Amino acid sequence: MSFSAIVVAAGSGTRAGAGTPKAWRRLGGRAIARWSVEALLAAGADDIAVAVAPDMIETARSALGELPNITLVEGGATRSASVRAAITALSPHRRDQPVLVHDAARPFLTRDHVSQALAALTQADGAILALPLADTLKRQAGPRLETPSREGLWRAQTPQAFRHDQLAAAYAAWPDDQEPTDDAQVVTAAGGSVAICPGDPLLFKLTYPEDFAMAERLAAGARLVRTGQGFDAHRWGPGDAVWLCGVRIDHDQTLIGHSDADAGLHALTDALLGAIGAGDIGEH
Ligand code: CTP
Ligand code: MG
C-alpha cells in the first residue's frame, strides 16, 4: 500500500541531557533519526517529510542526504508545530493516501509496526500503537497517596496513522493556544475515531540519559554475528580438470555430479544457508 510518513526530529532533547539533540546522536553507527527513516522506506513509504530544527539542517542532510523520497523541513518550537510544518511539505498529489506520523526518538521501528498501523487505519479515522499499563499507578494528592484504576488506560506510542486530508483538517481546527501531546488527540478533538493496535515495548521513546544505554545494548543485539558451516563430497571419475569455487584446475581426473560438481561452491552455499537458518543447497 502506498503511504507517506512524517518523522518529527526537531526537538532539542532537553531531558536527554546536554550535547547534540537526540535525533542526531549516533546509535549503532547511524543517526537515531535514520533508523526510523530507513524502516519507513523499507516498509514502502514513498514520501517522507522529516521535521528538523533550523540549526540542525546541515547535520540532517549529512545523516540522511542520499536516501530517496525524503524532504527535510524546518520544524517548529513545539512537536505539533513540527507536525504542521511536515504536513505542508508532503506532496500535494498524495492528499488521499495514508500518512504515518512517527517520533524520531523511537528508533526501533519495524515494517510490522507500519503494516499493523496501516491495517488498523482501514477501520477508523486514525490508528495508533499503544501498550496497556503493567505497573500499579500512584497519584500524590497532598499528603495522601492514591491508587487510580488502570482500567481503560493505555500508553500511546508512535507510529500513528491517519488519512492525509483528515490529519491536515484536524490540525487546522486545533486551537493555537493549546499543545497536544500526540496526533491522535488532534484527530479525536476534530471528531475522528481512533483505533488502538498492540504497541511494542521496543518502540519506547528515548527520553532520559539512561534510555540511550539500553538502546545501545539493543542496537548491538541487532548486529548479531552468525556463522555457518558447510561441506560437500563428490566421486572422482575420468576427466581432465576439476572446478573448485568457480576456478578450473587442470587434473588427470574430474569430480562427478548431476550438478557442476563444484564442491567448493556447494560447501560455501551450505555454510551461508546455515548461517541464515534457511536449509541447505539440496533443499533449494
Ligand atoms: N519534536 C519535534 N519538534 C519539537 C519538539 C519535539 O519535532 N519542537 C519531536 C522530537 O524530535 C521527538 C518527538 O517530537 O522525536 C517526541 O518528543 P520528545 O521526546 O519530547 O523530544 P524532545 O522535545 O526533543 O525532548 P525534550 O522534551 O526532552 O526536550
Ligand atoms: Mg518534548
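## A tour of the model

Start by selecting Leu202, Met214 and Leu218, which make a nonpolar surface patch of about 230 Å² (patch residues have over 30% relative accessible area and no salt bridge, with like charges joined within 9 Å and nonpolar side chains, Val, Leu, Ile, Met, Phe, Trp or Tyr, within 5 Å; areas use the Shrake-Rupley method with a 1.4 Å probe). This is a predicted model, where local features need pLDDT of at least 70 and side-chain atom pairs pLDDT 80 or more, while totals for chains, interfaces and linings use all residues. Residues are numbered from 1 along each chain as its sequence is written, and side-chain values use heavy atoms, without hydrogens and water.

Next, show the largest pocket, with about 670 Å³ of space. Of its 30 lining residues, Arg15, Lys22, Arg79, Asp103 and Lys205 are the closest to its centre. A pocket here is an open set of points on a 1 Å grid over the protein atoms alone, where a 1.4 Å probe fits, with protein on both sides within 12 Å along at least five of seven lines; lining residues have an atom within 4 Å of a point.

Now pick Glu38 and Arg34, whose side chains meet in a salt bridge at 2.6 Å, N to O (a Lys or Arg side-chain nitrogen within 4 Å of an Asp or Glu carboxyl oxygen).

Is Arg34 buried or exposed? Arg34 counts as buried, at 15% relative accessibility, whereas Glu38 is partly exposed at 24% (buried is under 20%, exposed over 50%, partly exposed in between, with a 1.4 Å probe and protein chains only).

Note on methods. Chains are lettered from A and ligands numbered from 1 in the order in which they are written. Grid points are joined across faces, edges and corners, and a volume is the space filled by probe spheres set on the points.
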